[in-house]
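Dear colleague,

I am handing over a structure for you to look through, and my notes on what was found follow below it. Please keep it open while you read.

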Amino acid sequence: MLYPITTQTRTVQSLNGVWKFALENEATPNDVSTPLETKKSMSVPGSFNDQGVTRDIRMHVGYVWYEREFVVADSLLNERVVLRFDAATHEADVYVNGQFVVHHKGGFVPFEAEINEFINSGRNRVTVKLSNMIDYTSLPVGNYSETKDDEGNIVRKLSENFDFFNYAGLNRYVRIYTTPKTYISDITVTYDVDLDNLAADVKIAAEAEGDYDEVKVTILDEADQVVGEGNSDAAISLKDITLWQPLNAYLYKAKVELIKDGAVVDVYEEDFGIRTVEVKGTQFLINGKPFYFKGAGKHEDSFINGRGINEAYNVADLNIMRWMGANSFRTSHYPYSEEMMRLCDREGFVVIDECAAVGMFEGFSVDSASGMAAKSTWSVLDTKEAHEQAMYELIKRDKNHACVVMWSVMNEPDSAGPGSYEYFKSIFDYSRKLDPQNRPFAYVNFQICGVDKDVCMELSDVILLNRYFGWYWDTADFASAEAHLREDMAAWHAKFPDKPIMFCEYGADTVAGLHAIADIPFTEDYQVEYYKINSKVFDECDYFIGEQLWNFADFETKTGINRVQGNKKGVFTRGRDPKAAARWLRERWLNIPDFDYK
Ligand code: BDP
């Protein structure tokens with residue numbers, strides 16, 4: 001799916017700003033044929049929860065309404081006019097001038113619709129009925145229930161089956177863009193690279209609709225010099241290429257033009273980097289060299305905005321990670337904004353791209369993590385359809401990004417209980433066919449489904465582990481934690497001697513400002529010790545290819561007695577102030593090279 005940009009043939013118009021907002025009153029439903037009656041406002045993009053402030057909005061479960069007016073300039077009305085939502089979390093029905101236009105479920109990916117038949121010259125009205133409900137058929141997975149009160153009104157309850165707050169709303173940009181009636185609908189970038197001779201055969205495959213004779217492709221380098229020309233059917237050979245490297249990005253531009261009778265009818269420019277990715281034995285090769293992942297699992301989470309896009313945070317977060325010596329992160333636990341992916345392409349950050357498959361464990365709870373056991377997850381959940389859609393939409397959106405080096409199909413699923421293998425196999429088989437660049441696919445293993453219980457790891461190209469020895473397990477007993485971690489790693493390596501292992505989560509809740517000498521949980525000192533013992537074991541294992549800690553920064557969660565205004569495992573606070581561990585890790589990571597460490 002193409003990102004909306006302005007070119008000689010295309011325009012983009014923002015619908016961001018303050019919209020009208022209302023909670024749905026189910027007794028007297030909103031009538032979309034008339035303007036929304038409300039005095040409430042809501043900023044878009046942004047989650048509605050913290051903007052709404054009081055409990056009735058913040059904790060609302062059910063439907064909400066957004067509405068605003070817009071005008072499309074008369075000069076554009078003969079173009080193809082498309083209304084695009086970058087993310088409506090989690091489910092939306094969109095109306096223009098009271099007429100239904102499009103429905104989409106899945107709160108972290110874009111969707112769009114042509115609206116020519118619904119709009120007029122002058123003022124128009126866009127209305128969104130949005131639901132924040134998630135259940136056992138959706139991704140992410142939520143525990144949903146409903147009852148009726150004495151007056152017969154539906155009372156909805158929702159408890160996340162995961163450890164982040166269910167921020168919802170029009171979380172990303174809303175735009176109208178125009179294209180000619182004959183237009184480029186998608187572009188897929190693939191290449192064969194000759195690393196020894198720094199040459200590449202690059203295929204820019206375009207899909208288009210309408211009446212055209214030919215698709216012309218021009219490849220430009222960063223100095224805007226033409227380095228290759230051809231069309232969309234055949235590969236274009238490039239010589240003396242500059243590779244996209246971690247933290248040292250280089251982006252080419254593919255200029256794609258639809259030609260009719262010798263004239264250009266549509267033009268789109270897609271930036272792309274050239275790099276190779278391969279899992280070979282216990283190594284993860286980028287451009288043929290063994291890469292070592294240093295970084296974190298993150299969240300899209302900021303004050304007031306909630307999960308709403310915050311580009312200043314994105315820029316700062318990458319700068320903070322660079323400061324720390326990090327080179328990578330995982331989009332835990334859902335696809336991040338397209339702007340973040342584009343930024344990572346530019347900055348050279350290496351991304352493990354995760355779909356919203358989280359909470360796929362019956363009865364998940366952070367209150368009893370070490371005491372949980374796999375149950376009948378795969379007969380309770382009915383997520384296959386949503387999961388395939390999520391992988392399809394994620395890969396369709398992110399397939400061309402050089403920053404994406406691996407897909408994560410699930411976080412901490414039940415990989416031990418009955419039916420796990422069959423479910424995993426079908427998702428892996430389905431997903432692998434979708435990636436034109438054939439990147440590795442993996443899932444992130446839950447400590448509950450340890451090496452002696454997990455039955456799915458053979459399907460994963462890399463062993464991604466979330467491990468909490470010294471936190472949920474062996475709390476305040478670092479000697480045992482270290483020993484158990486060492487045993488765990490050895491056991492995984494013995495079971496899969498030819499697969500690389502990396503950590504995608506390890507961490508300890510830490511309230512900034514607390515200190516103690518004697519290994520007291522929640523103190524900054526404890527968090528530092530925790531990272532020290534984990535790092536010591538990592539360095540003993542030559543098959544260990546990366547450390548992504550949990551979490552980059554403190555973040556909001558549902559309320560619970562194990563969460564103090566959110567999850568405090570950040571090595572930075574929610575406001576991005578470093579805890580002591582951030583400095584300790586900085587010392588460590590600046591001394592670990594990106595390549596050839598293992
Ligand atoms: C894992 C989850 C992550 C949690 C983390 C924790 O993958 O989302 O936030 O542990 O408990 O269960 O902090």
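This is a predicted model: local features need pLDDT of at least 70, side-chain atom pairs count only at pLDDT 80 or more; totals for chains, interfaces and linings use all residues.

Met489 and Phe293 are the residues that touch the most other members of the largest nonpolar core, which has 117 residues. Helix α9, covering residues 524-540, supplies the largest share of this core, namely 7 residues. Because domain 1 (11-179) and domain 3 (277-589) both give residues to this core, it lies between them. There is also a second, separate core of 33 residues, and among its members are Trp19, Leu83, Val126 and Val174.

The backbone deserves a careful look as well. In general, most peptide bonds are trans, and most residues other than glycine have a negative phi. The bond from Val44 to Pro45, however, is cis, with omega near 5 degrees, and Pro45 is found in the loop between β3 (40-44) and α1 (48-52). The bond from Leu139 to Pro140 is cis too, with omega near -5 degrees, and Pro140 has its place in the loop between β9 (123-131) and β10 (142-148).

Ile304 sits in the loop between β23 (293-297) and α3 (311-324) and is exposed, with a relative accessible area of 52%. Asp474 belongs to the loop between β28 (463-466) and α8 (478-495), and at 21% relative accessibility it counts as partly exposed.

With best wishes

Technical notes:
Residues are numbered from 1 along each chain as its sequence is written. Side-chain values use heavy atoms; hydrogens and water are left out. A nonpolar core is a set of buried Ala, Val, Leu, Ile, Met, Phe, Trp, Tyr and Cys residues joined through side-chain atoms within 4.5 Å. Buried means under 20% relative accessible area, exposed over 50%, partly exposed in between (1.4 Å probe, protein chains only). Helices (H or I, at least four residues) and strands (E, at least two) are DSSP runs, numbered from the N terminus. Domain bounds come from an automatic or database domain assignment.
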